[in-house]
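This briefing goes through a single protein model topic by topic. Please keep the sequence and the coordinates open beside the text.

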Amino acid sequence: MTPLLEVRGLTQHYRTEGGGTLRALEDVSFTLAEGEVLGIVGESGCGKSTLGRAVLRLTQPTAGEVWFEGQDILQLPRAAMRRRRRDMQIVFQDPFGALNPRHRVRTLVGEPLTIHGMPGVAARVAELLDLVGLPAESGGRYIHEFSGGQRQRIAIARALALSPKLLVADEPVSALDVSIQSQIINLIAGLKRRMGLAMLFISHDLSVVRHVSARIAVMYFGRIVEIADAASLFDHPAHPYAQALLSAVPQPPGVAPRIRILLEGELPDPTNPPPGCAFHGRCAQAMAVCAQARPALVPRRVGAGVRDTACHLYEVA
Ligand code: SF4
């Protein structure tokens, strides 16, 4: 079956003021099925938000292809891309920054419908507010009158207005209090079930990603270093960077805590990437080859199974 989304070799470079090249995203490939949620995790600066924006063509990627329902959207003319955008929406970390404070909520939520000339805007706005758990009278109020969690509900309602097939949720709960985070995660998980939405769920927090994702891609220094179904990754992370990230995630009650792997050192300089594996300067399991040859993200033998991971510790399957 053709996947809803197929990303091939997606690369995003930026020119720096000094004339150098900042490599934000390098050769990222993955597929996403209809209705599937892929979690994207990694430290701040690893390229995960760049990936979300590049997939939606909110930036113009340097190289690669983004196939959405069998069409490479990076090649679409502007007008065709505008029409395509109805099917691909994004929710940002900071809804306040993304929503015009001078408009009432009903205008903000209904705006995508108005732009696309859809009929029945008022009724659809009422339906959307109900869908995200806000009372109908919210439509007459302004965004500053709402709490952080309620603002994120409004941003989600707006993103869903055109019934998209793909939603990129870029750190949708990281600006919220922990108590509110779980409400928004539950809302997103429920909407995914009810609407069959496919989603790229981007977060630096693995425990957040786990709640909604069937598969998880771990990113480091602009590349995916491991991609696996959520249960396998949580039970047996293969890549040493994924192991370090997982070691910091609290275990459920009654389960022995993992031994914490503390990462030393910083991310390498993206304008001057090191040779070999980008993680070798911080990896406790690094070998001589790691400083020379970059390991490809390919299926490798991990224990009794096969896993897509980019690490010389594992034989190519
Ligand atoms: Fe560590 Fe080498 Fe694997 Fe990179 S390739 S994660 S340095 S063992």
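Of the 8 residues of helix H1 (residues 48-55), 6 are buried, so this helix is largely enclosed by the rest of the structure; here buried means under 20% relative accessible area, exposed means over 50%, and partly exposed lies in between, with a 1.4 Å probe and protein chains only. Helices (H or I, at least four residues) and strands (E, at least two) are DSSP runs that are numbered from the N terminus. The model is predicted, so local features need pLDDT of at least 70 and side-chain atom pairs count only at pLDDT 80 or more, whereas totals for chains, interfaces and linings use all residues. Residues are numbered from 1 along each chain as its sequence is written, and side-chain values use heavy atoms, with hydrogens and water left out.

**Helix H1 and what follows**

- The buried residues of H1 are Lys48, Thr50, Leu51, Gly52, Ala54 and Val55.
- After H1 comes arginine 57, which has a positive phi, near 60 degrees.

**Ligand site**

- The ligand is surrounded by 13 residues, of which the closest are Cys277, Cys283, Cys290, Cys311 and His312; a residue counts as near a molecule or strand if one of its heavy atoms lies within 4 Å of it.
- This shell consists of 9 nonpolar, 4 polar and no charged residues, where Ala, Val, Leu, Ile, Met, Phe, Trp, Tyr, Cys and Pro count as nonpolar, Asp, Glu, Lys and Arg as charged, and the others, Gly among them, as polar.
- The largest cavity is the space taken by the ligand; on a 1 Å grid over the protein atoms alone, a cavity is a set of points where a 1.4 Å probe fits but cannot get out, and a molecule sits in it if more than half of its atoms lie within 2 Å of its grid points.

**Aromatic pairs**

- There are 3 aromatic pairs, counted where rings of Phe, Tyr and Trp (its six-membered ring) have centres within 6.5 Å, with planes under 30 degrees apart called stacked, over 60 edge-to-face and the rest tilted.
- The ring centres of tyrosine 220 and tyrosine 241 are 4.6 Å apart and the planes stand at 55 degrees, so this pair is tilted.
- Because tyrosine 220 belongs to strand S9 (residues 215-220) and tyrosine 241 to helix H10 (residues 240-247), the pair ties together parts that are 21 residues apart in sequence, and both tyrosine 220 and tyrosine 241 are buried.
- Tyrosine 241 also pairs with phenylalanine 279 in an edge-to-face arrangement, at 5.4 Å centre to centre and with 70 degrees between the planes.
- That pair links distant parts of the chain, 38 residues apart, since phenylalanine 279 is in the loop between H10 and strand S11 (298-302) and tyrosine 241 is in H10; phenylalanine 279 is buried, as is tyrosine 241.
- One aromatic cluster is formed by Tyr220, Tyr241 and Phe279.

**Charges over rings**

- Arginine 141 has its charged end over the ring of phenylalanine 146, 4.4 Å from the ring centre; the criterion is that NZ of Lys or CZ of Arg lies within 6 Å of the ring centre and within 35 degrees of the ring normal.
- Over the face of phenylalanine 234 lies arginine 210, at 4.1 Å from the ring centre.

**Positive phi in loops**

- Most residues other than glycine have a negative phi.
- Serine 163, in the loop between helix H6 (148-160) and strand S7 (166-170), has a positive phi near 50 degrees and counts as partly exposed at 41% relative accessibility.
- Phenylalanine 221, in the loop between S9 and strand S10 (223-229), has a positive phi of about 55 degrees and is buried, with a relative accessible area of 12%.

**Exposure and C-alpha separations**

- Isoleucine 259, in the loop between H10 and S11, is exposed, with a relative accessible area of 76%, and its C-alpha atom is 9.7 Å from that of leucine 246, 13 residues apart along the chain.
- Leucine 131 lies in helix H5 (residues 121-131) and is buried at 19% relative accessible area; leucine 131 and histidine 236 are 105 residues apart in sequence and 37 Å apart, C-alpha to C-alpha.
- Phenylalanine 30, in strand S2 (residues 21-32), is buried at 5% relative accessible area; phenylalanine 30 and serine 138 are 108 residues apart in sequence and 39 Å apart, C-alpha to C-alpha.

Notes. 1 Å grid on protein atoms, 1.4 Å probe; cavity = no way out; pocket = protein on both sides within 12 Å on 5 of 7 lines; lining within 4 Å.
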